[in-house]
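Dear colleague,

Please find below the structure that I am handing over to you.

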Amino acid sequence: MPSAKRKRTSKKQGGPPEKKYKPFFPVTRSAPVRKAKSRGCSRNIVYDEDSDSSSSSDESVVFLYSSFLPGLAVPAKPTVKLAEEVPAIDGPAGVLFKLLPIELHQKISSYLPDDRHVSIYSRVCHKTCIAISTSVWRERFVKEFDMVEGATVDDLAKKYAFRSKMSKTWCLFDLPKHQDKRIINCIKQNQKWWLEMLKGLIIDSNATKVQDENGRQIVQGKNLEYIRKLLSRDPPGRDYEYTDILEAVLNTENNWNMESLVTARSEGSLVLIIQLCLTSLSLDPQSCNTKVSHFDLSQAEVYTCPNDQPIFMGAGKQDLNVRWLLHVVNFFKFHFKAAKGEGILSHAYRDLAPEEVPQPWIGKLKEGTQQLGSHWKGAYAYLDPEDLKSLRDKDGGVYTDEMDGLQNLTFFFDETKFSKGDWPAPWDGIVQINPLPESEIYDGRRRSTRAYRANIIEEIPIEEDVKHFYGTSDGLNAAHMYGRLHAVPPQQGIPGFQRVSIMNFHPDEHGHYNPEDVWAYEGCVLPGNRVIVGRWWNAKGSTDRESQGGPFIWWNVENGAGNSTDGKDTLEFLNSVFDYALMGH
């Protein structure tokens, strides 16, 4: 539809007609905004009738929403008529207003409360139209979001336009039942754009540690705060839509069955990756407290054996089993935050100080192997052996989990005291720390080792990228721990995932080696290095359905309350272990 031309409403006395102006404020034909009603509420839904939703690109998404703000340099597109004309300014005051310098108009626009008022201001006269340029939207970006290093003014303006528009667009991830099919299809399209927005907010986040009014150290960042607002149902001064992405964990629409292995390469898995990255917000005692869905399914999944649901898969163990990891988070969320204290650790979790609960990441997410923090809290779960067998046989029902309270853990990274040479060779076969065995590789089918290694060698972490550490855990079962850590490639474009493998020794009552109490741990360090999710199993047993095992979750805390060890006992304990099958000597 051709753009509407504005009519001149006045003439200068004794001179030629005033030059007409047309501010740049196009609205694409492909996505008119309409109103639709659902659950008794009026919501904005973006209909994309003329394009194939399955082939939409990031560029088209950026154009669609950057075009709603004036002053952005975007390609010419068909436009529709503006809702109303803005009359020209007449009289002495209007003449003086038009004489104001552009910089002053830009300063005035910075005091306007929202984007709609800035857009209206840009249509007052030709001078204001010129003043509301990309630099204005850049300034509004800086006030609302963390700065993006290396981004141009145009880049920031387009990012701001995209995020501003999407945050006001209705989007659900737990789709309503018995709803009009056309509306459902529109919501699904909006989901794709919301996921791109949240992904960008996560990658661009650059939070810092600050001191609150009570003197406590807290993590604070503009992007994190923006995400929190989107996840909150009733924040003060709300001018954007709420999203249920964390309440919809395991409720999103997909084509996967329970036995399938869902990785970041699986179609539609981006929502799982983002839910996983936001684990610290999901476990925040002050938010996301409405419900925990499908606990029975999560319980059945977290106790599966490593052979059935491996955490890391593919060439060099570079692909995450994201759905299984999300089941673990959902499982512990129930036991930490279930209503009316239904979870086993709900009372202990509720009594934690604010600085002892899971915290968001600090700084930018990075690729590569990164050293972990020193102090951690966490929990592990297990079942009675008979219940575990019954659950794996899929006899049905919900079983009674057992937990040994909350743990305090301390990790030490010191290659001069514990390094590659101190790691016994037999442990590699237990925790499969080598991501690329010499014999053969399995990533769904057998392949030629030599040819396949040549194709994937760039993705495999070299030995220098593997970090070693040792540590201790207290609680009902104190333990000595020895681990290795290496990076995992970005998942769906989000960097910062790592793989950790640990050998865990519970000494006897005299502090000596107990051959019946040795356990293997494998976990995924989530981006930002503040949360680890994984499973444990009997280090001397098998990894099939006969193995004893279960899930665990740890999170980084500022101080290690109740655990002041220096790690010396852990190093001495390792030298006292004489078990040829386990130690190789």
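**A buried glutamine and its surroundings**

Gln 275 is buried, as its relative accessible area is 2%. This residue is found in helix α10. Apart from neighbours within four places in sequence, Gln 275 is in contact with Ile 245, Leu 246, Ala 248, Val 249, Thr 252 and Leu 326. Please note that the model is a predicted one.

**The chain as a whole**

The secondary structure of the protein chain comes to 19 helices and 15 strands. Of the 585 residues in the chain, 51% are buried. When contacts between residues at least 6 apart in sequence are considered, 70% of them join residues at least 24 apart.

**Nonpolar cores**

The largest nonpolar core has 92 residues. Those with the most contacts inside this core are Ile 202, Ile 245, Ile 274, Phe 332, Phe 336, Phe 497 and Trp 555. Helix α13 (residues 322-337) gives the most to the core, contributing ten residues. There is also a second, separate core of 21 residues, which includes Tyr 482, Met 503, Leu 571 and Met 583.

Ile 245, one of the residues with the most contacts inside the largest core, is also among the contacts of Gln 275.

**Helix packing**

Two packed helices are described by the angle between their axes and the distance between the axes. Two such pairs are reported here.

The crossing of α8 with α10 is left-handed. On the α8 side, Leu 195, Glu 196, Leu 198, Lys 199 and Ile 202 take part, and they meet Leu 270, Val 271, Ile 274 and Cys 277 in α10. By class, this contact has seven nonpolar, no polar and two charged residues. Ile 202 and Ile 274, which belong to this contact, are also listed among the residues with the most contacts inside the largest core.

The second pair is helix α6 (residues 134-144) with helix α7 (residues 153-166); their axes come within 8 Å and cross at roughly 65°. This crossing, too, is left-handed. From α6 the contact is made by Thr 134, Ser 135, Trp 137, Arg 138, Arg 140, Phe 141 and Glu 144, and from α7 by Val 153, Asp 154, Leu 156, Ala 157, Lys 159, Tyr 160 and Arg 163. The residues of the contact divide into six nonpolar, two polar and six charged.

Strand β14 (residues 531-538) is mostly covered, with seven of its eight residues buried. It pairs with strand β13 (residues 518-525) in the antiparallel sense, through seven bridges. Glu 522 stands opposite Arg 535 of β14. The hairpin of β13 and β14 has five residues between the strands, and Gly 528 in this hairpin takes a positive phi near 100°.

β14 also pairs with strand β15 (residues 549-556), again antiparallel and over seven bridges. Here the bridge partner of Ile 532 is Trp 554 in β15.

**Positive phi outside glycine**

Lys 394 has a positive phi near 60° and is found in the loop between α15 (385-392) and β8 (402-403). With a relative accessible area of 58%, Lys 394 is exposed, because the threshold for that class is over 50%. Gln 492 has a positive phi near 55° and is found in the loop between β11 (479-487) and β12 (498-505). At 27% relative accessibility, Gln 492 counts as partly exposed.

**Residues apart in sequence**

Glu 241 lies in the loop between α9 (222-231) and α10 (270-277). Its relative accessible area is 15%, so Glu 241 is buried, the limit being under 20%. Glu 241 and Cys 171 are 70 residues apart in sequence, with their C-alpha atoms 7.7 Å apart in space.

Ala 300 is in helix α12 (residues 295-302) and counts as partly exposed at 31% relative accessibility. The C-alpha atoms of Ala 300 and Gly 397 are separated by 9.3 Å, while the two residues are 97 apart along the chain.

Yours sincerely

Definitions and conventions
Residues are numbered from 1 along each chain as its sequence is written. This is a predicted model: local features need pLDDT of at least 70, side-chain atom pairs count only at pLDDT 80 or more; totals for chains, interfaces and linings use all residues. Side-chain values use heavy atoms; hydrogens and water are left out. Axes are lines fitted to C-alpha atoms, for helices over the stretch in contact, and angles run from 0 to 180 degrees between N-to-C directions. Helices (H or I, at least four residues) and strands (E, at least two) are DSSP runs, numbered from the N terminus. A crossing is left-handed if the near helix is turned anticlockwise from the far one by less than a right angle, and right-handed if clockwise. Contact means heavy atoms within 4.5 Å. Ala, Val, Leu, Ile, Met, Phe, Trp, Tyr, Cys and Pro count as nonpolar, Asp, Glu, Lys and Arg as charged, and the others, Gly among them, as polar. Buried means under 20% relative accessible area, exposed over 50%, partly exposed in between (1.4 Å probe, protein chains only). Two strands pair if DSSP finds at least two bridges between them. A nonpolar core is a set of buried Ala, Val, Leu, Ile, Met, Phe, Trp, Tyr and Cys residues joined through side-chain atoms within 4.5 Å.
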